[in-house]
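Student: I should like to learn how to read the features of a structural model. Could you take me through this one?

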Amino acid sequence: MNARIYRLFGLVVLLFGLLVGFTSYWSVFDAKGLEHNPQNKRLLLEELRIRRGLIFAADGTVLARNRVVGQDGSARFYGRIYPTDTLFSHVVGYNFADRGRSGLERSHNDELTGNKDEFTTLIDELRGKEREGDDLVTTLDPGAQQTALQALAGRAGSVVAIDPRSGRVLVMAAQPDFNPNRIPDEFGTLNRDPRSPLFNRSTQSGYPPGSTFKVMTATAALDSGRFQPNSVLDGSSPKKIGGVPLSNFGNEDYGPVTLTTALTNSINTVWGRVGERLGKATMYEYMRRFGFNRKPHIDLPRDELRASGVYDNGKLLDDSDAVDIGRVAIGQERLLVTPLQMAMVVSAIGNGGALMRPHLVERVRDHDGKTVKSLKPAEESNVMKPSTASALGAMMSKVVEEGTGTAAALSGIDVAGKTGTAEVGGTNQAWFIAFAPVTAPRVAIAVTVERTTGQGGTIAAPIAKQVMESLLR
Amino acid sequence: MTARNRELLGLLPVSLLVTGGFTAVYISRQSVLDSATLTYGGVFLVLCLAMHLFIRRTLPDADPYMFPLSALLAAFGLVVIYRIDQDLARQQAGWFLVGIALFVVTVLWLRDVRVLERYRYVIAAVGLGLLALPRLPGIGSQVNGAYLGVDIGPISFQPTEFSKLCIVVFLASYLMERGDVLVLGARRVLGMTLPPLKHFGPLLVVWGAAMVMLIVIRDLGSSLMFFGAFLALLYLATGRLFFVLSGMTLFVLGSWFTAATVGHVNERIDIWLDPWKDAQGSGYQIAQSLFAQADGGLFGRGFGESLLELPNGSAIIPAPHTDLIYAVITNEVGLFGAAAVIVTYLLFAERGFKTAELAGDGFSKLLAAGLTTVFALQAFVIVGGVTRVIPLTGVTLPFVSYGGSSIVANFVLLALLLMISQGAREQRRARSPVVGS
């Protein structure tokens, strides 16, 4: 029987070897994979042990701070509090162990958790220094943000305002929004909500831009030298564009008009024709200069951004693809843009043709208040000549003075803007983009409202007016 | 050196582990621990010493390694339990006291394990009765879908822990007597030795019992442990691999069928195959177990340093002190520490099989081998479950997990093994006087 006992012991050795093998696999060989498994909240929990940096608005208002939520041995766990509740829900985002993080909380996580390079971390650890995060000072203006949200008045839509001279994002508001303080309890409900309140419409929603896109077409027309503001084109309606008849709003026939008039009255047939004559290559060249066809380089998480451009079944089309460029020129076709992208378009025009890279955080401060990093304005691209920009400014001023955008006029401050109304399944996507003051722009703004019955001029322009007023006075 | 002095020396690493472990845990968790809790380790060491003295008196020739090895496992468990919850550590130290008391009673009362042979049917009935207890209305309790516990008033215990001893005693005694019959009249067919069909009877009966168990208590792990021990004993008694192979086939087919019909068993297997499908729900336990092991890495976080609780105070790993204690061990002392635990089990098994090899009579041989197998299989079933080798089920890690039933039953198991060892080595010494030089 002893030989059998040895064999049985052999089997036990084998079984236990299997256990050591599997333990090695999980604890060593597959450890990295498990650590980054999306279901694994351990890294997140580890970070809860770090006192995160605070997030401030430009005026010093605290947008995110900490409180002690638990203690395990000598380690403290911190949780986030967002004192301004819904005000900056999408931009500042949230950070909770069991829910993950979003917005600036995610894109600036390394700074907020004091995650410096490995060497510094090691030295700090050896010195027994508790890991502390750095504070973020943002470019956001709480007053104007509040105005924007109030002006949206519960309608789904977005307002993005940028300082065109520096790319500082002043306002980034979207409705529906959420209260980040309630994320731990309501995440499931919010996530399933058909109105998608967690979704940052300012950077993630692709909307048909309607006539606001004519500003982009006008840039290409003037800057390429092919057209002048006083170039005269045929504004009759309907007219064949891309082989298919295109009409003006209300099928109005304008006859021969200048480009300035065509922008003031948003004449589709003129801009459709301009787009066709410029051709795909030129149109796409200018779209790219404005930042279309790629995600904007703003300091938000990459997957909370969307590239603007012509889409076919979720695929971004290029100038090598079959695109009806005449209809792209008037903001139709399958063109989908984000409010941020349209704000960038007006921002470039307002800054003499230079598109400044939009950013939300301008300074990183350590716990003692010392600035450890400050963000200098950076030029994203040189979109057009300054002369083109000023010509466009003059044309867009007419829109607000006497055209479709009069509802955005501010007393004592010149506003250059463009309205847009895109039809989406029987309802309207209302748009207004603008910059002001025209002579020395300090604000570039894009406003959009989903599924409304009104037009860009009646629905979006008044919102832009209120926000600009709040920012400029 | 005499056997007992070796045993005393073997307790040295145990005292080092307890002292070092308790100190480490205390230092890292000073803010929540009471300094008086450090005495739990001391109590444990005193108990070890007392037990050593008792063995020295009553079982002077017994295997000198088995007790230090079990004490090492118990010390490991105590440190980890202390790290999880100081009150549990106090209770665990209390259970050691009860376990040692039962060890003493077993040794003094039985004197010789062969007595058990006479009562094999009573013992078998007790074993099966214990298994059925958790399904009795009023006292049975269900945990995670399996029926493994019994609650009688303030007392709750896990009858499977005691039942495994009864069943092994019965099987050893039954197979000792009938093992040969099974081999008689065997024919060779296609190079394999086939026993006559009628002798499949006992095999089918035990298989049936295992299947009923799977259905009644709904625990795949316990069934695997029991049936595995049975197959091991069957092999030892008859030497026929064919029995083992057909037994395994039957078991796999039976569990497959049960899995298809009993929801709870089916779910356990589904989770095992793909824990990520519902990692926040049914797969939570195993997912957290794997995450904890990954967090441990090669050397672990250190005693007291792993993350066990969410900020709201609820546990990240469910049942960290019982079913999933192995995951906590890997988390805190890494692959090296976990491998050390497994090697300790392996060494214990080696000593157990050695005892079986030395045992003079067939019953003692089978009993020693059976007890060792069931002990090793229990460790395999739970560690295998935690490391996703097999589906995770609710079995304790012998000597390491928190739990009165587990500790007490395993002390009885240790008593039986040491008694067999005493008998065997005593006989040997009688034959050759030169021992212990």
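Predicted model: local features only at pLDDT ≥ 70, side-chain atom pairs only at ≥ 80, totals over all residues.

Tutor: Let us begin with chain A, which has 17 helices and 22 strands.

Student: What percentage of the residues of chain A count as buried?

Tutor: Of its 473 residues, 52% count as buried. Among the contacts in chain A with a separation of 6 or more, 67% are accounted for by residues 24 or more positions apart.

Student: Is A:Gln204 buried or exposed?

Tutor: The assignment rests on a count of neighbours: a residue is buried if 20 or more other C-beta atoms lie within 10 Å of its own. A:Gln204 has 20 C-beta neighbours inside 10 Å and therefore counts as buried. This residue is found in helix 10 (residues 201-204) of chain A. Leaving aside neighbours within four places in sequence, A:Gln204 is in contact with A:Phe199, A:Glu304, A:Leu305 and A:Arg306. A:Leu305 is 101 residues away along the chain, yet the two C-alpha atoms are separated by 5.1 Å.

Student: How should I describe two packed helices?

Tutor: One gives the angle between their axes and the distance between the axes. In this model, the axes of helix 1 (residues 3-28) of chain B and helix 2 of chain B come within 10 Å and cross at roughly 175°. The two helices are therefore roughly antiparallel to each other. Residues making the contact include B:Leu8, B:Leu11 and B:Phe22 of helix 1 of chain B, and B:Phe44, B:Leu45 and B:Ile55 of helix 2 of chain B. By class, this contact has nine nonpolar, four polar and three charged residues.

Student: Which way do residues three or four places apart in an α-helix point?

Tutor: An α-helix has 3.6 residues a turn, so such residues point the same way. Consider helix 4 of chain B, where B:Ala89, B:Gln92, B:Ala93, B:Phe96, B:Gly99, B:Ile100, B:Phe103 and B:Val107 are buried. The buried residues of helix 4 pack against helix 2 (39-58), helix 3 (66-84) and helix 15 (404-431) of chain B.

Student: What span should helix 4 of chain B have?

Tutor: At 1.5 Å a residue, its 25 residues (86-110) should span 36 Å, and the end C-alpha atoms are 36 Å apart, which agrees. Helix 4 of chain B is followed by B:Arg111, whose phi is positive, near 65°.

Student: In what order do the strands of an open sheet lie in chain A?

Tutor: Five strands form an open sheet in the order 8-7-22-21-20, with antiparallel pairing. Strand 8 (168-175) and strand 20 (416-424) are the edge strands, each pairing on one side only. From one strand to the next, the twist averages 10°. Strand 7 (residues 157-163) and strand 8 of chain A pair over seven bridges, and A:Ser158 stands opposite A:Ala174 in strand 8. Helix 8 (residues 142-152) of chain A lies across strand 7 and strand 8, running at about 30° to strand 8.

Student: Finally, how many residues does the contact take from chain A and from chain B?

Tutor: Chain A supplies 37 residues and chain B supplies 51 residues. Helix 1 of chain A gives the most to the side of chain A that touches chain B, with 18 residues. By class, that side has 21 nonpolar, ten polar and six charged residues.

Technical notes: Residues numbered from 1 in each chain as written. Chains lettered and ligands numbered in written order. Contact = placed C-beta atoms within 7 Å. Helix = DSSP H or I, 4+ residues; strand = E, 2+ residues; numbered from the N terminus. Nonpolar A, V, L, I, M, F, W, Y, C, P; charged D, E, K, R; others polar. Expected span 1.5 Å × (residues − 1). Buried ≥ 20, exposed ≤ 12 C-beta atoms within 10 Å, placed from the backbone. Axes fitted to C-alpha atoms, helices over the stretch in contact; angles between N-to-C directions. Parallel < 35°, antiparallel > 145°, perpendicular 65-115°, else oblique. Pairing = 2+ DSSP bridges.
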